[in-house]
2 protein chains.
Amino acid sequence: MNKKKKITIQDIARELNTTISTVSRALRDHPRISVETRERIKKYALEHDYQPDFRAASLRQGSARTIGVLVPRIDIHFFARVLRGIDEVASENNYNVLIIQSLDSLTKEINLVKSLVYGKVDGLIASISIETHDGEHFKPLINKGVPLVLFDKVLDDVDVTKVIIDDHYGAYIAVQHLINQGCKRIGHFAGPQYLNIYKSRKQGYLDALKDAGLKIEESLIFEDMLVKERGYEIMGQVHKMENPPDAIFSSNDFAVVGAIMRAKELGIRVPQDIAFTGFANEPMDEIVDPTISSIEQNPVKMGKEAARLLIEQMEDKKTAFYPKTVTLKPSLVVRQSSLKKSIVSV
Amino acid sequence: MNKKKKITIQDIARELNTTISTVSRALRDHPRISVETRERIKKYALEHDYQPDFRAASLRQGSARTIGVLVPRIDIHFFARVLRGIDEVASENNYNVLIIQSLDSLTKEINLVKSLVYGKVDGLIASISIETHDGEHFKPLINKGVPLVLFDKVLDDVDVTKVIIDDHYGAYIAVQHLINQGCKRIGHFAGPQYLNIYKSRKQGYLDALKDAGLKIEESLIFEDMLVKERGYEIMGQVHKMENPPDAIFSSNDFAVVGAIMRAKELGIRVPQDIAFTGFANEPMDEIVDPTISSIEQNPVKMGKEAARLLIEQMEDKKTAFYPKTVTLKPSLVVRQSSLKKSIVSV
DNA sequence: CATTTTCAAACAAACGATTGCGCATCAAAT
DNA sequence: ATTTGATGCGCAATCGTTTGTTTGAAAATG
């Protein structure tokens, strides 16, 4: 047990026979403090490992240098990655990150957001819960001038900066890639269409086919829950078709895993007989056999972008602020499940 | 734009012709405030959605009701799950959670810990970086009376509460399970032995064999880096052995994925010809085919336990505190890769 | 009627830092 | 010799709460 007491700026002042203002200024390299006293004070502070009290400083300064992040769940891979990006930019800029989870409950989200007003955070980055359909509970925050950035799942009725992913584009390049691999009859595992992301992805699929002059066949579009088990079952149906697809673009990766599993059982070769491209680039994509081609959403980049935009807004209080929507382009990660050409050439 | 101004306790006092102390007490249901004034003040506060300034309150009270969590990386599944558990207990108890990542850099860890002293957090839950070999940088924190709980990767030279996993037990029950499935020649994929966790797991493996009266064969123990690629290669070697094992207990799941992949290529059936049990219960375990039996470390429980212990220590400042080490028992999750018996009986 | 007890509300001092302003001091310029 | 201008430092207010101590008036007591 060294010293249990916290050492404050006042202690230093007393010990060194000066005043707290001088100590404060010396520690912050104020020009009007002589070099000697500055050194003397800094030396003392270092030796007694003084650290300014965070609460006092932030109370006085009106800023806690803390950004709040609201996510549905912290242990969903996508959000964990986004958080990684946010944290990186935040700590580069000397901001703390306070994370809160809604657990996809609107009630919890409302309470959490309310508790954030006043001092806890200087700004908020949020991805709303699945139950959230309007942004009423964000209004007080916005009115009080707390900068807000929404990402991934966003709201139309709040006029703030947003960072989203171009789902349409992601689907488009996925399908384009399959076409480039020589596929002619490309099917689609579509998610529930009341969710915007799945709607956009389907549209991207359709547009890619159209632009390539390929015929759209409704029988090749399977709208379903995109889980492994369903992928498995649908593949069974596909196998019985008299004119089956030679490729599938799936709106997520889990359905692909199931489909590939069934394909293997049925002796259908992937990608030779049927190629697959998924969406989301889940970690398992490079674990399974064959590895799965997918669309990388760059969650880390998303987090970084959101954090950058928020910090920009927080620090630039002078110039008028106009919310903007940043749309990130996802990218294609080619793996074995769609790589027909190189297999042919080998 | 409603009201941009933050409303404080003073504003309320002014408007209601009373004093700030009365307002403060009224809002906190102090008995010495008459029911009428209390109601009057509460009503006003509610209507103007007053929220106490977090910084001012915590400065005055000496507590920020915030617990810090230090992890190597937030986007590692295990840590994300632990964080989930911590957050759950923390928010039940009205604590905020401030997350910091060391990114497995000791330098970063030291700086982060230093920045936490004084006011930012009232307590810290930490899992050290891979570069950390002593707890010198935690000493100032401890000396200043900031409660600390270490989890998962812990240090011997700091005398604080620790939450760890019983690796030996996990390995033991995994091997026991293989024995129960009728396996007689059980091999082991051992990780690098300079890491405690892998050493304990190997010992658990050895003890389980010994206790079951099974012979230990050095040739069945493969000490290697536990990645998918190495698992794949080792399986190749195993296949060439004249007396190959009928089961493998692996110290992680990735090596199992590789091994199973190779086994399938070689026409070795899993689990009929060779059974597998991994360790860590990675999400992919139920994705791959066959699904992989593994040891669940219960990270969420670990987080909850750590948070509970920390809060207990933070709030119970009166009674003398003695650090304790809590060892969590992992559990076995049986899946296809090790389930010989039921396959036989089907 | 004088004195004590109660109760509700006001006063004021913290918490620990930041910061505008003012007061010295001393050298240089007028 | 006086003004000017740096320079170095101290005073005191301030951020928004919480909380120990007083005050003042009404109620209870003798």
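User: Let's start with Ile197(A). Which helix is it in?

Analyst: Ile197(A) sits in helix 9 of chain A, which covers residues 196–211. Keep in mind that this is a predicted model.

User: Buried or exposed, or something in between?

Analyst: Ile197(A) counts as partly exposed, because its relative accessibility is 33%, and the cut-offs for that class are 20% and 50%. Together with Tyr194(A) and Leu195(A), Ile197(A) makes a nonpolar surface patch of about 310 Å².

User: Now strand 5 of chain B. How many of its residues are buried?

Analyst: 4 of its 5 residues, so strand 5 of chain B (residues 161–165) is mostly covered.

User: What does strand 5 of chain B pair with?

Analyst: Strand 4 of chain B (residues 148–151) pairs with strand 5 in the parallel sense, over 3 bridges. Strand 11 of chain B (residues 325–328) also pairs with strand 5 in the parallel sense, over 4 bridges.

User: Which residues are bridge partners there?

Analyst: Among them, Leu150(B) has Lys162(B) of strand 5 as its bridge partner, and Ile164(B) has Thr327(B) of strand 11.

User: New topic: how many salt bridges over all chains?

Analyst: The structure holds 46. One of them joins the side chains of Arg230(A) and Asp224(A), at 2.5 Å, N to O. Arg230(A) is partly exposed at 24% relative accessible area, whereas Asp224(A) counts as buried at 19%.

User: What does Arg230(B) meet in chain B?

Analyst: The side chain of Arg230(B) meets that of Glu233(B) in a salt bridge, 2.2 Å from N to O. Both residues lie in helix 10 of chain B (residues 228–240), 3 residues apart, about one turn of the helix.

User: Which residues do salt bridges with shared partners join into one network?

Analyst: Asp75(A), Arg81(B), Arg84(B), Glu88(B) and Lys304(B).

User: And what about Asp53(B) and Arg55(B)?

Analyst: Their side chains meet in a salt bridge at 2.9 Å, N to O. Arg55(B) counts as buried at 5% relative accessibility, while Asp53(B) is partly exposed at 21%.

Key. Residues numbered from 1 in each chain as written. Chains lettered and ligands numbered in written order. Predicted model: local features only at pLDDT ≥ 70, side-chain atom pairs only at ≥ 80, totals over all residues. Heavy atoms only, no water. Patch = residues over 30% accessible without salt bridge, like charges linked within 9 Å, V, L, I, M, F, W, Y side chains within 5 Å. Areas by Shrake-Rupley, 256 points an atom, 1.4 Å probe, with all protein chains shown as cover. Salt bridge = Lys/Arg side-chain N within 4 Å of Asp/Glu carboxyl O. Helix = DSSP H or I, 4+ residues; strand = E, 2+ residues; numbered from the N terminus. Buried < 20%, exposed > 50% of the residue type's maximum accessible area, 1.4 Å probe, protein only. Pairing = 2+ DSSP bridges.
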